[in-house]
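This report describes one protein model for a reader who has not seen it before. The sequence and the structure come first, and the description follows.

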Amino acid sequence: MQLTGVKAHIWQRISAIYLALYFPLLFWQSHSINLLETPSFKNWIEQVFTPAFTLASLLAFGLLISHAWVGLRDIMIDYLPANRVRFWLWLYALFLSFICIDVIALIAWAVIPAFQP
């Protein structure tokens, strides 16, 4: 699926609205827990990342990456010289791939053990 023109604009608006709703919810969710009763990281993760909120967080992460991809891709296409765009887009995609792999590994390391009995 190519996101260009109006499709990219609509996709960015949808992802921006979702992220604008998600981050206040994340702030509220993480601050509604009494840290004095649950001092460990494992308990904090269990209370913040319920299965529904984990799904919402994974969706927010995917939308954040796609929002960043479309936005920076459009900036590169508009402002970089045409002969260098392909190289910088490739480098940018590689950078985002490393971030995705790192965050997925961090989520797997931190969240998955919290759901084990």
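**Terms and basis**

Contact here means heavy atoms within 4.5 Å. This is a predicted model, in which local features need pLDDT of at least 70 and side-chain atom pairs count only at pLDDT 80 or more, while totals for chains, interfaces and linings use all residues. Residues are numbered from 1 along each chain as its sequence is written, and side-chain values use heavy atoms, with hydrogens and water left out.

**Overall make-up**

The protein has four helices and zero strands. Helices (H or I, at least four residues) and strands (E, at least two) are DSSP runs, numbered from the N terminus. Read from the N terminus on, the order of elements is α-α-α-α.

Of the 117 residues, 29% count as buried. Buried means under 20% relative accessible area, exposed means over 50%, and partly exposed lies in between (1.4 Å probe, protein chains only). The accessible surface comes to about 8500 Å², and 73% of that surface belongs to carbon and sulfur atoms. These areas come from the Shrake-Rupley method with a 1.4 Å probe; for residues, only the protein chains shown count as cover. Among contacts with a separation of 6 or more, 68% are between residues 24 or more positions apart.

**Annotated spans**

The unreviewed UniProt entry carries the annotation "transmembrane region" for residues 10-28, 48-69 and 89-112. UniProt positions are given in the numbering used here, feature names are shortened, and annotations may be inferred rather than shown by experiment.

In the model, residues 10-28 are 100% helix and 0% strand, with end C-alpha atoms 28 Å apart. Residues 48-69 are 91% helix and 0% strand, and their end C-alpha atoms also lie 28 Å apart.

**Helix 1 and Gln-29**

Helix 1 has 27 residues and reaches 39 Å from its first C-alpha to its last, close to the 39 Å expected at 1.5 Å a residue. The expected span is 1.5 Å times one less than the number of residues. Its buried residues are Ala-8, Gln-12, Ser-15, Leu-19, Tyr-22, Gln-29 and Ser-30. Their cover includes helix 2 (41-48) and helix 3 (51-79).

Gln-29 belongs to helix 1 (residues 5-31). Gln-29 counts as buried because its relative accessible area is 14%. Leaving aside neighbours within four places in sequence, Gln-29 is in contact with Gln-47, Val-48 and Phe-53.

Cys-100 lies in helix 4 and is buried, at 19% relative accessibility. Not counting residues up to four places away in sequence, Cys-100 touches Phe-61 and Ile-65. Cys-100 and Phe-61 are 39 residues apart in sequence, and their C-alpha atoms are 8.9 Å apart in space.

Trp-90 is also found in helix 4 (residues 82-110). Trp-90 counts as exposed because its relative accessibility is 54%. Together with Phe-87, Trp-88, Leu-91, Leu-94 and Phe-98, Trp-90 makes a nonpolar surface patch of about 630 Å². Patches are made of residues with over 30% relative accessible area and no salt bridge; like charges are joined within 9 Å, and nonpolar side chains (Val, Leu, Ile, Met, Phe, Trp, Tyr) within 5 Å.

**The salt bridge**

A salt bridge is a side-chain nitrogen of Lys or Arg within 4 Å of a carboxyl oxygen of Asp or Glu. By this rule the count is one. The side chains of Arg-73 and Asp-74 form a salt bridge, at 2.9 Å from N to O. Arg-73 is buried, with a relative accessible area of 11%, whereas Asp-74 is partly exposed, at 27%.
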